[in-house]
Amino acid sequence: MTDLPSLPLDRRSLIRGGAALALAQALPGWADTGTHGAAQGALSGETIALRIGDGHFATGGRSAHAISVNGGTPAPLIRLREGQDVNIAVTNRLKEDSSIHWHGLILPFQMDGVPGISFPGIAPGETFIYRFPVRQAGTYWYHSHSGMQEAMGLYGPIIIDPAGPDPVAYDREHVILLADWSSVHPHRLLQRLKQMGGYYNMQRQTLAGLLARKDQGLKDRIDWGAMRMDPTDISDVTGAVYSYLVNGMGTAENWTGLFAPGERVRLRIINASTMTNFNVRLPGLPMTMVQCDGQDVQPVETDEFQIGIAETYDVIVQPGEAKPYALIAEAIDRSGLVRATLAPQVGMAAPVPGRRARPLLGMKDMGMDMGGMDMGHDGVIDLSQPANDAMSGHAMKMRDKSVAPGVKMGPGVATLSPMPADRTADRPTGLEDVEHRVLTYADLRSLTPNSDLRTPTRSLDIHLTANMERYMWSFDGVKLSEGAEPIAFRHMERVRVTLINDTMMPHPIHLHGHFFELVTGEAAHNPRKHTVNVLPGGKLSFDLTADALGDWAFHCHMLMHMHAGMMRVVTVRHGEDAA
Amino acid sequence: MKALAFLLLAAAAPVQAQTMDHSQMDHGAMGHAMPAIDAAIPQGTPPPVPTDHAADALYDPAAMARARTAMIAEGGGMTYSQWMLDRLEYRAGKGADGYAWEGEGWIGGDINRFAVKSEGEGTFGGSLERAEVQALYSRAIDPWFNLQAGVRQDLGEGPDRSYAVIGIDGLAPYWFEVGAEAFLSSKGDAHLRLEASYDQRITQRLILQPAAEFNLAAQHVPELGIGAGPSDIELGLRLRYEIAREFAPYVGVRWERKLGDTADYARAAGERASATSLVIGLRAWF
């Protein structure tokens with residue numbers, strides 16, 4: 001194993017030393033700007049030690065207490081090889097319980113790292129040794145599953161090299177770890193949202209905007225107001241309080257990855273954010289997607305894609321000129337962005353594009369799929385068009401219980417999508433009208449045929465439910481804290497799970513311990529994923545083979561949605577006849 | 001019992017307004033790409049929910065139970081609070097300048113909360129004319145409205161009455177903040193208070209708030225100077241600037257008018273039945 005070279009400090013010396021503050025912030029070696037590639041500073045081998053401790057983080061002139069691993073924030077890069085065994089000793093030097101969850105790794109449930117489901121957690125001063133065989137290859141990440149520690153910097157990348165030859169050819173690779181960070185404590189952020197759901201939305205519609213003929217017209221504003229729905233409610237926590245980061249660096253710090261012109265550069269892009277879905281592009285440089293959530297996909301070229309929280313995308317870019325290229329990750333509500341640079345040498349900075357106009361949600365985001373009508377994406381809802389068919393006289397109810405018999409209605413369910421559409425082939429939020437290519441889930445096809453092609457024998461609908469005014473988030477109208485029953489599966493059972501988004505926000509939904517195949521087309525090549533971003537007002541289905549015995553977490557990866565109750569325990573047990 | 005009838009109306013209003021008329025929509029082109037979701041898959045029977053916890057077999061069950069309790073509580077069961085001084089203002093009009101406050105606080109979860117409300121007014125150099133404090137149990141009854149019940153204690157000039165309170169407050173369609181409270185005093189007199197306000201964002205931080213309050217009484221209460229029927233109305237228009245969401249100075253204008261017998265009581269006591277004042281104040285919360 002290789003440990004980080006420059007960080008002999010422990011928490012005690014950090015806290016005591018008056019001069020220690022100047023030393024306190026440290027980025028891990030892999031995230032060094034001007035890096036030649038992700039190989040630098042990785043922890044690898046069969047035995048790895050991680051120390052979780054207090055830290056300090058600063059960017060863009062703001063700084064705050066953070067959580068560090070081996071002295072750095074974000075955490076070290078762990079690089080493993082498919083087929084090896086690994087022992088990772090995690091020592092908790094915080095004053096509170098901690099944990100590490102290996103996001104996307106297939107492992108025994110007791111090693112999955114979720115306190116209260118997989119294991120009891122790691123008490124202060126204790127060391128827990130995670131032991132598991134490495135059965136897969138690809139780009140993954142890890143993070144704390146305790147409290148809000150992930151939001152305070154406890155996250156890092158994982159690369160697993162394949163046992164055999166890599167199907168992806170590349171000359172160089174860089175890890176691009178996207179994150180959001182606030183100097184305001186995450187518990188305070190959540191408190192503010194509970195007090196005022198729109199607290200951090202500084203891009204709402206205004207009277208000044210109406211007079212300037214921006215956004216919705218008066219009639220649409222009145223129609224939406226009647227439903228108490230806000231078409232600017234795209235993100236809960238925004239650039240008003242967040243700094244956006246690539247590898248721990250903001251735009252000004254300009255993380256730079258080097259390349260030589262003509263090289264095939266593999267970018268391993270991970271969204272380790274607490275609350276931010278990003279739209280990612282490299283202006284002037286097409287991207288070839290080669291992997292998603294660690295699973296190889298058939299190469300497909302695009303110009304921009306949306307990365308939901310906790311998803312990973314590997315892309316190949318081939319910068320031809322000896323000039324700097326910008327990598328832009330823009331928050332989907334366009335409240336902020338971060339620029340990093342790919343450059344032939346250190347010291348070059350690609351230009352920072354201006355933020356594009358804030359998108360407006362439309363009818364489809366409200367769960368009203370009106371067929372081929374092109375509406376909503378530009379925020380224009382024309383209700384004055386002549387009626388011409390069977391929908392005449394029909395009033396669309398936004399809280400009609402009959403569309404979701406499995407949902408428990410109550411104060412936590414403000415709306416139900418009356419006509420949710422399968423949106424896997426839709427461009428994601430904010431990218432509906434951009435003039436270049438945009439990746440959709442329907443473009444992803446697994447590289448090799450999927451192993452389980454059985455038709456599911458059972459189906460299960462799960463509604464993603466919310467009330468933004470009270471900042472309540474739940475599945476099927478029930479918060480985890482309300483005594484929600486686990487979602488039970490039989491071992492090796494194949495089930496079609498349909499997620500129906502009854503909210504106006506995309507939700508990255510993560511199932512621990514499994515991959516599922518997103519139903520987009522031909523079953524043999526449906527993309528395999530561990531986290532799937534369900535677009536507003538829409539639905540999607542995945543086929544799950546419940547092949548991992550034990551108890552697992554299932555939740556929205558917007559950390560504050562999870563903490564508001566959008567979470568369940570999933571159980572996988574031998575079937576009744578096998579008992 | 002007008003009060004109860006109003007409460008029922010208030011509760012029913014949001015349900016009605018949750019519909020959106022689509023009769024005018026163009027549904028001509030229904031030929032969009034249909035999803036791959038296959039309705040042919042049977043719903044099937046889910047397995048029974050296990051009664052055990054898998055990790056209990058591998059770790060100390062007591063430690064697991066503690067961690068599980070914490071995990072479940074963190075999944076939506078946490079307690080929050082908000083303490084808001086909605087108005088703290090200086091009033092300048094004819095006669096002595098005055099002051100007033102109005103605030104509300106709550107602590108609890110998403111559904112059940114303990115709430116306190118307070119409001120009052122007085123004149124500089126004079127006395128505290130009117131003040132009240134309410135302690136309420138508040139329960140979310142639908143996505144936007146809370147039902148509240150508790151007690152109110154009056155302070156200040158005149159008899160310090162105690163009341164039982166039942167009320168409703170919340171967010172009506174079109175983003176109106178509305179509230180209705182019915183009071184029954186320990187002397188048996190009944191009163192109703194209706195309030196509404198609207199935040200019109202001019203910019204992201206500059207907000208114009210029209211507000212109205214209307215009071216009714218079921219009977220004459222001479223010792224409080226209140227006549228039966230509509231007793232007073234108050235209209236306000238306040239322009240605030242949110243330096244931060246939780247810190248917003250404002251300026252505005254306010255007009256109040258005592259009505260009917262209440263106005264007569266006021267005139268008999270040598271007071272004016274109506275008053276207009278300019279206000280400057282602060283809205284702050286944490």
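The structure described here is a predicted model. Over residues 456-574 of chain A, the chain is 5% helix and 52% strand, with the end C-alpha atoms separated by 17 Å. Both stretches come from the UniProt record, an unreviewed entry, in which the annotation "domain: Plastocyanin-like" covers residues 60-162, 236-330 and 456-574 of chain A.

Among the strands of chain A, an open sheet of 4 strands runs in the order β3-β8-β7-β5, and its pairing is mixed. The edges of this sheet are formed by β3 (78-81) and β5 (101-103) of chain A, each of which pairs on one side only. On average, neighbouring strands in the sheet are turned by 25° against each other, direction ignored. Within the sheet, strand β7 (residues 138-143) and strand β8 (residues 155-161) of chain A are paired in the antiparallel sense over 6 bridges. In this pairing, A:Y140 is found opposite A:I158 of β8(A).

Two loop residues of chain A were examined for their surroundings. A:V413 is located in the loop between β20 (395-397) and β21 of chain A. Its relative accessible area is 0%, so A:V413 is buried. When neighbours within four places in sequence are left aside, the contacts of A:V413 comprise A:R399, A:V407, A:K408, A:T465, A:A466, A:N467 and A:G477, together with B:P143 of chain B. The C-alpha atom of A:V413 is also separated by 9.1 Å from that of A:M468, a residue 55 positions away along the chain.

A:N450 occupies the loop between β21 (421-422) and β22 (458-467) of chain A. Because its relative accessibility is 6%, below the 20% limit, A:N450 counts as buried. Its side chain reaches the backbone oxygen of A:N526 at 2.9 Å. Apart from neighbours within four places in sequence, A:N450 is in contact with A:E517, A:A523, A:A524, A:H525, A:N526 and A:R528.

Over all chains, the count of salt bridges comes to 58. One of them links the side chains of B:D110 and A:K194, with an N to O distance of 2.8 Å. This pair crosses between chains: B:D110 belongs to the loop between β3 (98-108) and β4 (112-123) of chain B, and A:K194 to helix α3 (residues 186-195) of chain A. Both B:D110 and A:K194 are buried.

A salt bridge also brings together the side chains of A:R573 and B:D52, at 3.3 Å from N to O. The pair joins two chains, because A:R573 lies in strand β32 (residues 567-573) of chain A, whereas B:D52 lies in the loop between β1 (19-21) and α2 (61-74) of chain B. With a relative accessibility of 18%, A:R573 counts as buried, whereas B:D52, at 40%, counts as partly exposed.

Within chain B, B:E121 forms a salt bridge with B:R91, in which the closest N and O atoms are 2.6 Å apart.

Methods
Residues are numbered from 1 along each chain as its sequence is written. Chains are lettered from A and ligands numbered from 1 in the order in which they are written. This is a predicted model: local features need pLDDT of at least 70, side-chain atom pairs count only at pLDDT 80 or more; totals for chains, interfaces and linings use all residues. Side-chain values use heavy atoms; hydrogens and water are left out. Two strands pair if DSSP finds at least two bridges between them. Axes are lines fitted to C-alpha atoms, for helices over the stretch in contact, and angles run from 0 to 180 degrees between N-to-C directions. Buried means under 20% relative accessible area, exposed over 50%, partly exposed in between (1.4 Å probe, protein chains only). A polar contact is a pair of N or O atoms within 3.5 Å; within protein, one must be able to donate a hydrogen and the other to accept it, and residues adjacent in sequence count only if both atoms are side-chain atoms. Contact means heavy atoms within 4.5 Å. UniProt positions are given in the numbering used here, feature names are shortened, and annotations may be inferred rather than shown by experiment. A salt bridge is a side-chain nitrogen of Lys or Arg within 4 Å of a carboxyl oxygen of Asp or Glu.
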